[in-house]
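User: I would like to go through the model that you have open. Could you show it to me before we discuss the details?

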Amino acid sequence: FFQRLTGQKPLTREDLSLPIETMQKQLQAQNVSAVAAREICEAVMQDLEGQKLGSMTRGVSTAVRESCEKALQRLLAPKRSIDVLREARAAKAEGRPYTIVFIGVNGVGKSTSLSKVCYYLKNNGLKVMLCACDTFRSGAIEQLKVHSKNLGVPVFEAGYNKDAASVAVNGIKQAKDTGMDVVLIDTAGRMQNNEPLMRSLTKLVAKTKPDLCVQVVEALAGNDATDQLVHFDKALKDFSETTVPRTIDGMIMTKFDTIGDKVGGAISLVHATGQPIIFVGTGQKYTNINKLNAKKIVRVLLQ
Amino acid sequence: MVLQELGSKINGALSKLNTASVVDEAAVDSVLKEIAGALLMSDVNVRTVAEMRTNIKREVMQDSIRAGSTSKAKQIRNAVFNELVRLLSPDVDAYRPVKGKANVFMFVGLQGSGKTTSIAKFANYWARKGWKTAMVCCDTFRAGALDQMKQNAIKLRIPYFGNPLEADPVKLAEEGTKHFRDEGYEIILVDTSGRHQQEAELFEEMEQVMDVVEPDEVIFVMDSTIGQAVADQASAFKKSVPVGSVIITKLDGHAKGGGALSAVAATNAPITFIGTGEHFDEMERFDARSFVSRLMGLGDMRGFMEK
Ligand SMILES: Nc1nc2c(ncn2[C@@H]2O[C@H](COP(=O)(O)OP(=O)(O)OP(=O)(O)O)[C@@H](O)[C@H]2O)c(=O)[nH]1
Ligand SMILES: Nc1nc2c(ncn2[C@@H]2O[C@H](COP(=O)(O)OP(=O)(O)OP(=O)(O)O)[C@@H](O)[C@H]2O)c(=O)[nH]1
Ligand SMILES: [Mg+2]
Ligand SMILES: [Mg+2]
């Protein structure tokens, strides 16, 4: 069987279908969505059909693996790259604070990621201020206060049940007045289909016109992660009153430390949305923030 | 396959029957094979799936009337529905609190799954029924965790126990539960930090908390958006502590909560409540039938629910 396949005969669909199907199942079991897995495998089929296998030792499944690896790498390669530190320094040079808004559904890790980004920027010599615009969830303001104390940075807050957009606007104003380089704005979690809450988020984003609007998603989530991103982006467009709405610039993917080898969520998300993953969260400490390591993800997926 | 796709997979398989001209045993077999594949890829236990397949086939083929293809599809759909409901209804029952004595519930789960919020809802549920209810905070890790519980407790007018100066969750658990047991509380809810199986120390800590709390029931709180990792995590929790029931949160979003199947399969514990919002009254009793309806895309579960 292998003799025939490893020879000089060009590969046919029949030769490829079984190993590709196996690959697709493996990807899906690791949390790659069915749509993304199918398309990746489609690409592999197109890549390999009609090709001749070079050396005798290289079996069909190896060829499929290699082709799949290439397809995955291509997918994860950022179309736009976002360097937060460089952008923040550029804003500083212009004499204005750099603003980042963190948005997302409940409990994904917005506030924690915000504190990690604060730690990262502060360690790179920037003056960072936190802005507590989750005025809804119990303990949300105290949560930011704890981070502010731990990290030695100021926090702007105006209490609970306040209009989040106004708090953000006032926070940015205070940051300007006190010579801050960066403002990190925390928002309340909300479900992507909760229209009133999505409207108020749109208002906050429109009023603050942040330099960076990041959506936080969990690596734990399944298909819903894509749904979250698509609907947040759509809401920011649909509910905006301006002709050029401020939409999502990229994402932070959290809780990578909790998923073992089921790292496929990153693939599904980038595949479906084309948004770059700016950072990944890999734990609950301030230092557990990294740039996306595409090689590693692909290696884990194909191991 | 990602769990939420289960419903559409099942419907896709069934719709093939609608277009088939004759529905013979082979056609039924092929549909069931597809459905079984979908379930297997949703991490549903292999044996359970095999059993389910046999049950459905028996039910469907038993009917000797040469039904048309459309009604055959309906019949299979019903059979799948019933089997999924059965799957979500394990033989064991959740713990029933006993009036006049301390009933201690310990809440565990992954980070951000909704433990602290579900405790507030659960407290509200029992307090409104007239049970003497209290909460204990053993989360010494998450920033602002005690403030979160405190603010919920004040809004609900329910007593809570916590100590910002104590860093040891085991001590807090011991003191807090003892305090409320001595005071004659009937429902005592113990909140713990979020944790995951990859950090062995966190699991050890959970076991130590459990040893001092001696809960009547351990409740696993699960976020409905979770994907393939749920089965691994749920079984790891079950191995570490005796999970007695499950609460599924955030079902007010878009997620269908297909992971619930895996959680039940992994923990063999019944789902008791579902969370449908951030407010204290947004928790409903779990009903397997309306849940499966939603999962299979047969319409929303709301309205079916018993409050
Ligand atoms: N293991 C792990 N836990 C994380 C990570 N990021 C956040 N968490 C935990 O997830 C839980 C929720 O994090 P938060 O930052 O409060 O989430 P949030 O999105 O701000 O939540 P809401 O404001 O309530 O919507 C906390 O227990 C965090 O410690 C991560 O990368 N890995
Ligand atoms: N929309 C919605 N949000 C929920 C539901 N249950 C909890 N939440 C929200 O989810 C977020 C996380 O909830 P928490 O109760 O803090 O979660 P936790 O498991 O205690 O988190 P850690 O202690 O950090 O592990 C908060 O924003 C809650 O308001 C629900 O059923 N629906
Ligand atoms: Mg938050
Ligand atoms: Mg909590």
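User: Is B:Tyr185 buried or exposed?

Analyst: B:Tyr185 counts as buried, at 14% relative accessibility. Buried means under 20% relative accessible area, exposed over 50%, and partly exposed in between (1.4 Å probe, protein chains only). This is a predicted model, in which local features need pLDDT of at least 70 and side-chain atom pairs count only at pLDDT 80 or more, while totals for chains, interfaces and linings use all residues. Residues are numbered from 1 along each chain as its sequence is written, chains are lettered from A and ligands numbered from 1 in the order in which they are written, and side-chain values use heavy atoms, with hydrogens and water left out.

User: How many aromatic pairs are there over all chains?

Analyst: A search of the whole structure gives 14 aromatic pairs. Rings of Phe, Tyr and Trp (its six-membered ring) pair if their centres lie within 6.5 Å; planes under 30 degrees apart count as stacked, over 60 as edge-to-face and the rest as tilted. In chain A, the rings of A:Tyr119 and A:Tyr286 are stacked, because their planes are at 15°, with the centres 6.1 Å apart.

User: Where do A:Tyr119 and A:Tyr286 lie in the chain?

Analyst: A:Tyr119 belongs to helix α6 (residues 110-123) of chain A, and A:Tyr286 to the loop between β7 (277-281) and β8 (289-290), 167 residues apart. Helices (H or I, at least four residues) and strands (E, at least two) are DSSP runs, numbered from the N terminus. A:Tyr119 is partly exposed, at 27% relative accessibility.

User: How are the rings of B:Phe180 and B:Tyr185 arranged?

Analyst: They form an edge-to-face pair, because their planes are at 75°, with centres 5.0 Å apart. B:Phe180 is buried, with a relative accessible area of 2%.

User: Changing topic, where does ligand 2 lie?

Analyst: Ligand 2 lies between chains A and B. It is surrounded by 24 residues, and B:Lys115, B:Thr116, B:Thr117, B:Arg142 and B:Asp252 are the closest; a residue is near if one of its heavy atoms lies within 4 Å.

User: Which element gives the most to that shell?

Analyst: Helix α5 (residues 115-128) of chain B does, with four residues.

User: What are the distances from the oxygen atoms of ligand 2 to A:Asn106 and B:Lys250?

Analyst: An N or O atom in the side chain of A:Asn106 is 3.3 Å from an oxygen atom of ligand 2. For a polar backbone atom of B:Lys250, the distance to an oxygen atom of the ligand is 2.9 Å.

Methods: A polar contact is a pair of N or O atoms within 3.5 Å; within protein, one must be able to donate a hydrogen and the other to accept it, and residues adjacent in sequence count only if both atoms are side-chain atoms.
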